[in-house]
Amino acid sequence: MSEKVLHYNQPALQGALQIPGDKSVSHRSIMLGSIAKGVTTVEGFLLGDDCLDTIACFKKLGVEIHVEGTNVKIESPGIDGWSEPSEVLYTGNSGTTTRLMLGILSGTNVHVIMTGDSSIAKRPMKRVVEPLRLMKADIRGRADGQYTPLAIQGTTLQGIDYKMPVASAQVKSAILLAGLRAQGTTIVREEVVSRDHTERMLQQFGVQVDVADGVVTLEGQQQLTATHVTVPGDISSAAFFLGAGAIVPNSEIVLKNVGINPTRDGIIDVLRAMDANIEVHINDEAVMEPTASIHISTSTLQGTTIDGALIPRLIDEIPLIALLATQAQGRTVIKDAEELKVKETDRIQAVVDELKKLGATIEATHDGMIIEGPTPLHGAKLQSYGDHRIGMMNAIAALLTEGAVTIDDVDCIAISYPAFFEHIDQLMK
Ligand code: S3P
């Protein structure tokens, strides 16, 4: 765990950044590329710790994976040719790896034991294990399958018609990936639509998936055809610099190659609602995952309300949005966001505690937070709780303070954005 002292003295941020690959899409490229027989190539892959853990898991299943810069080549015998690993699969800090692998492995002919780090050990897995058991999956784990380590004995699955109790792309994706191997049809019904990268990428691998009015339908026992995947830049990483550009004085930033999938772009709506100076220039809407160049400059922000169907479209951006709200005029209310409590850490508690240490006026509620602004922020000693997004929120806050901000653990930022501090330095030059 390495501590970092940040004393930026309110620099102006100027220039352009190429945003690194999307974490969700990078994970899925390895997963689908490993299920498909043959050679899948990936460009723009995120070399974050979570995605590297996904690669390590599939290597243990006998898939050959070569990484060269941000290009990845996957040579797979196909899901029916995977070998039974003699070692435990380690999913690190990654909820996406753990939950999607549960769905994928349930319908194979191998036995696997999966475990992760101390944060993963506390995160709820029953939300995935329960629907998979309804599909006849054989999964065991602590507290009847709620927590890692988890043991999966691959078996023959049955399709399911499932109404999602929470908006979660990880749960939806695990069911769909199990449904690929199952007998019969699998249907997932979402009241509030979560990110749809799995549906899009399955189609790119030649799978017939129907999506209409929050209902995803897929016939079982379909084969995937190896292909080429282009990963867009991660809007959840871009969000930290969109935020910095809006609140750090005299700033003007261009973020290139930002994924703007409509199930992920809620941060753009929020910045517009807060009156930010933001312009979105779309590159090509016709591709699997559309991208844009986004311009942002120092803005006088207004408070806003964030709730309902908007929440899943920006769930990972809420720590950053809370920081923005400390600099906005008036009150910002974030509600319907209980899911924050079961992320890499309890993000309601972590955001409120750390922003309070900097002098913010912020209170936790049962499903979100209320922030009054604007408030000047001062230096403090902050914690990241091993959570990359809390670490980055703390570091962006340090761009505003006169005094130094000390962050206990910055290594965790490499989970999703290894080049984060280099990118800050690049904009200060
Ligand atoms: C993800 C889905 C979201 C998100 C996570 C990545 C994915 O989690 O918070 O960072 O890749 O499917 P939930 O599915 O738990 O909402």
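Me: Where does Pro-149 lie, and which residue does a cis peptide bond join to Pro-149?

Reply: Happy to start there. In this predicted model, Pro-149 is part of strand β9 (residues 147-153). Its partner in the cis peptide bond is Thr-148, with omega at about -5°.

Me: Which residue is joined to Pro-374 by a cis peptide bond, and where is Pro-374 found?

Reply: That residue is Gly-373, and omega is about -5° for this bond. Pro-374 sits in the loop between β21 (368-373) and β22 (380-382).

Me: Let's turn to phi. What is the phi of Ala-143, and what is the phi of Asp-213?

Reply: Ala-143 is not a glycine, yet has a positive phi of about 50°. You will find Ala-143 in helix α5 (residues 142-145). Asp-213, also a residue other than glycine, has a positive phi near 50°. Asp-213 belongs to the loop between β12 (209-212) and β13 (215-219).

Me: Now helix packing. How are two packed helices described?

Reply: The description uses the angle between their axes and the distance between the axes. Here, take helix α8 (residues 235-247) and helix α10 (residues 318-326): they pack at an angle of about 5°, and their axes are 10 Å apart. Angles under 35 degrees count as roughly parallel, and α8 and α10 are therefore roughly parallel to each other.

Me: Which residues make the contact, and how do they divide by class?

Reply: From α8 come Ala-239, Phe-240, Gly-243 and Ile-247, while α10 contributes Leu-320, Leu-323 and Leu-324. By class, the contact of α8 with α10 has six nonpolar residues, one polar and no charged ones.

Me: What shows where empty space is left?

Reply: The idea is to roll a probe the size of a water molecule over the atoms. For this model, a search of the whole structure finds one cavity of 30 Å³ or more. The largest cavity holds about 40 Å³ of space.

Me: What lines the largest cavity?

Reply: The lining consists of Asp-22, His-197, Pro-232, Gly-233, Ile-235, Gly-259, Ile-260, Asn-261, Arg-264 and Glu-289. Sorted by class, the lining has three nonpolar, four polar and three charged residues.

Me: And the pockets: where does UniProt place the feature "binding site", and which of these residues does the lining of the largest pocket include?

Reply: The unreviewed UniProt entry places "binding site" at Lys-23, Ser-24, Arg-28, Ser-168, Gln-170, Asp-316 and Lys-343. Of these, the lining of the largest pocket includes Lys-23, Ser-24, Arg-28, Ser-168, Gln-170, Asp-316 and Lys-343. To place one of them on the fold, Arg-28 is found in helix α1 (residues 23-35).

Methods
Residues are numbered from 1 along each chain as its sequence is written. This is a predicted model: local features need pLDDT of at least 70, side-chain atom pairs count only at pLDDT 80 or more; totals for chains, interfaces and linings use all residues. Side-chain values use heavy atoms; hydrogens and water are left out. Axes are lines fitted to C-alpha atoms, for helices over the stretch in contact, and angles run from 0 to 180 degrees between N-to-C directions. Helices (H or I, at least four residues) and strands (E, at least two) are DSSP runs, numbered from the N terminus. Angles under 35 degrees count as roughly parallel, over 145 as roughly antiparallel, 65 to 115 as roughly perpendicular and the rest as oblique. Contact means heavy atoms within 4.5 Å. Ala, Val, Leu, Ile, Met, Phe, Trp, Tyr, Cys and Pro count as nonpolar, Asp, Glu, Lys and Arg as charged, and the others, Gly among them, as polar. On a 1 Å grid over the protein atoms alone, a cavity is a set of points where a 1.4 Å probe fits but cannot get out, and a pocket is an open set with protein on both sides within 12 Å along at least five of seven lines; lining residues have an atom within 4 Å of a point. Grid points are joined across faces, edges and corners, and a volume is the space filled by probe spheres set on the points. UniProt positions are given in the numbering used here, feature names are shortened, and annotations may be inferred rather than shown by experiment.
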